[in-house]
Amino acid sequence: MRDSTKINRTAQVRTNQTKRMTKALPEVRSQPTLHGLLYQANRQATTELRRLAGSEGVPVEFWRLLEVLADERGRTMSTLAAESGLQISATSKLIDRMVDAALVQRSLDAADQRRVILHISDFGLAKVAALRDDMEQRRRRITRTLTGPRERQLRELLQDFIRAHQPEPE
């Protein structure tokens, strides 16, 4: 009898503790956080890009750079990094791999022999051409959902978000 009373008291104490802890917890949000939504959007977009680009054996990271270089204007490493939204160190490593895969070529800048200009290769252009229709179809599907003003607004909001999360200059 004594043991069962002790167990009941212990259970009652734990129940009271749980009630107090539950009251102290913040209210559960009915909407996902902004970071959660950004993560989910990024994951979905990357998954779809991986599927499309992967059909031609092109990693998503390569596609992001090929897409910028496809205009055949050539870029310096820093310009390519800025236009693709990647860090320059990551861009440099990717370009090394892309040169090895014959997707990109390096050449010296005619105006400044110290600078290297990156160009898409014929093989890289062939990959972009092979993926162009699927990528355009993907863009049209997004555009149907985000009409002109909404797309511009989303771009501006994302750019503001990115700027707000960049480290402060020292």
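The bend at a residue is taken as the angle between axes fitted to the seven residues ending there and the seven starting there. By this criterion, helix α6 bends by about 45 degrees at R132. Helices (H or I, at least four residues) and strands (E, at least two) are DSSP runs, numbered from the N terminus. The model is predicted: local features need pLDDT of at least 70, side-chain atom pairs count only at pLDDT 80 or more, and totals for chains, interfaces and linings use all residues. Residues are numbered from 1 along each chain as its sequence is written, and side-chain values use heavy atoms, with hydrogens and water left out.

Helix α6 has 24 residues. Its span from first C-alpha to last is 34 Å, close to the 34 Å expected at 1.5 Å a residue; the expected span is 1.5 Å times one less than the number of residues. The buried residues of α6 are G124, K127, V128, L131, M135 and R138. Buried denotes under 20% relative accessible area, exposed over 50%, and partly exposed in between (1.4 Å probe, protein chains only). These buried residues pack against α2, α3 (60-69) and β2 (116-120), with contact meaning heavy atoms within 4.5 Å.

The structure holds 13 salt bridges. Each is a side-chain nitrogen of Lys or Arg within 4 Å of a carboxyl oxygen of Asp or Glu. One of them joins E48 and R141, at 2.4 Å from N to O. E48 lies in α2 (residues 34-54) and R141 in α6 (residues 122-145), so this pair ties together parts that are 93 residues apart in sequence. E48 is buried, at 17% relative accessible area. R141 is partly exposed, at 39%.

D71 pairs with R75, their closest N and O atoms lying 2.7 Å apart. D71 is partly exposed, with a relative accessible area of 37%, whereas R75 is buried at 5%. Both residues belong to a salt-bridge network that links D71, R73, R75 and E83. A further salt bridge connects R114 and D112 (3.0 Å, N to O). R114 is exposed, with 74% relative accessibility.

L154, L158 and I162 make a nonpolar surface patch of about 240 Å². Patches are made of residues with over 30% relative accessible area and no salt bridge; like charges are joined within 9 Å, and nonpolar side chains (Val, Leu, Ile, Met, Phe, Trp, Tyr) within 5 Å. Accessible areas come from the Shrake-Rupley method with a 1.4 Å probe; for residues, only the protein chains shown count as cover. L154 is located in helix α7 (residues 148-164) and is partly exposed, at 35% relative accessibility.
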